[in-house]
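Subject: Structure handover and findings

Hello,

The structure is below, followed by notes on what was found in it. Please read the notes with the coordinates open.

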Amino acid sequence: MADSRQNSSILVVHGPNLNMLGKREPEHYGSQTLDDINDALRAKAAGLGLEVSTFQSNHEGEIVEVIQDAVGQIQGLIINPAAYTHTSVAIRDAVLLLNVPTIEVHLSNIHKREPFRHRSFIADIATAQISGLGASGYLFALEALAQLIA
Ligand code: CA2
C-alpha cells in the first residue's frame, strides 16, 4: 500500500549579502559558504524526515514574494533576514502571513555588535532567535522546528 505521509516542508530564507559567505569577513561570519550551509541543512533535514527549500536574495521585494508564495505550503520557516532584520516592516508583515513556527537565525551575535543591530523587526513575531552560533545556528533551528511541528 502506498504511504500517504508527506515530509514536512521547511523554507530557509537568507537575506542580502549572505551569498558572499566564505568569501569575505570570516571573522564575523565564518568560513563556510552559503552552499555549504544549504547542503548541511538538506543532509540534516533528510535525517529528520523534513524537506528543505532554500532561497537567498539581495532584494527585499523578492524575499517578500517568496514568503507570500509559501503561505499554506510550508510547516516551518528559518530566516536570516541579514541587514533587513533591522529595517524591514515588509518582511515582518510577510512572515506574519505564514502563521508557522519561525526561527530567526544570525551567524553573529547581533546583541554584541553595534547598537543598530540590536533591534530586530522579526524577533517578537518569531518562535525563537538563535544568534551568535555561526552556521550551526541553522542546524539547531532545523532541529527545533522538527520538534515543534512533530
Ligand atoms: O549575523 C548575521 O547573520 C547577520 O544577519 C548578518 C548580516 C548583518 O547585517 C546582520 O546585522 C547580522 C550581514 C550579512 C553580510 O554577509 C556577509 C558575508 C560575507 C561577507 C560580507 C558580508
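Helices (H or I, at least four residues) and strands (E, at least two) are taken as DSSP runs and numbered from the N terminus. With those labels, helix α3 is followed by Gly-72, whose phi is positive, near 80 degrees.

This is a predicted model, in which local features need pLDDT of at least 70, side-chain atom pairs count only at pLDDT 80 or more, and totals for chains, interfaces and linings use all residues. Residues are numbered from 1 along each chain as its sequence is written, and side-chain values use heavy atoms, with hydrogens and water left out.

Helices

In α4, the buried residues are Ile-91, Arg-92, Ala-94, Val-95 and Leu-98. Their arc down the axis of α4 is also within 165 degrees, so they too line one face of their helix. The cover over the buried residues of α4 includes α3, β3 and β4 (102-106).

Helix α2 (residues 34-48) has 15 residues. From its first C-alpha to its last α2 reaches 21 Å, close to the 21 Å expected at 1.5 Å a residue; the expected span is 1.5 Å times one less than the number of residues. Leu-34, Ile-37, Asn-38, Leu-41 and Ala-45 are the buried residues of α2. They fall within an arc of 95 degrees seen down the axis of α2, so they line one face of the helix. An α-helix has 3.6 residues a turn, so residues three or four places apart point the same way. The buried residues of α2 pack against β1 (8-14), β2 (50-56) and α5 (136-148). On the face of α2 turned away from its buried side are the exposed residues Asp-35, Ala-43, Ala-46 and Gly-47.

Ala-40, in helix α2, is partly exposed at a relative accessible area of 29%. Its C-alpha is separated by 9.4 Å from that of Ser-136, 96 residues apart along the chain. Asp-36 also lies in helix α2 and is partly exposed, at 35%. Asp-36 and Leu-21 are 15 residues apart in sequence and 9.5 Å apart in space, C-alpha to C-alpha.

After α2 comes Gly-49, with a positive phi near 70 degrees. Gly-49 is also in contact with Asn-7, as are Leu-50 and Glu-51, leaving aside the neighbours of Asn-7 within four places in sequence. Asn-7 itself sits in the segment before β1 and is partly exposed, with a relative accessible area of 40%.

Loops

Glu-25, in the loop between β1 and α1, has a phi near 50 degrees. Most residues other than glycine have a negative phi. Asn-17 counts as exposed at 55% relative accessibility, whereas Glu-25 is partly exposed at 39%.

Gln-73 is in the loop between α3 and β3 and counts as exposed, at 53% relative accessibility. The C-alpha atoms of Gln-73 and Ser-8 are separated by 9.4 Å, with the two residues 65 apart along the chain.

The largest pocket has a volume of about 380 Å³. Of the 18 residues that line it, the closest to its centre are Pro-16, Asn-17, Leu-18, Tyr-29 and Ala-82. On a 1 Å grid over the protein atoms alone, a pocket is an open set of points where a 1.4 Å probe fits, with protein on both sides within 12 Å along at least five of seven lines, and lining residues have an atom within 4 Å of a point. Grid points are joined across faces, edges and corners, and the volume is the space filled by probe spheres set on the points.

Regards

Conventions: Buried < 20%, exposed > 50% of the residue type's maximum accessible area, 1.4 Å probe, protein only. Arc of directions from axis to C-beta. Contact = heavy atoms within 4.5 Å.
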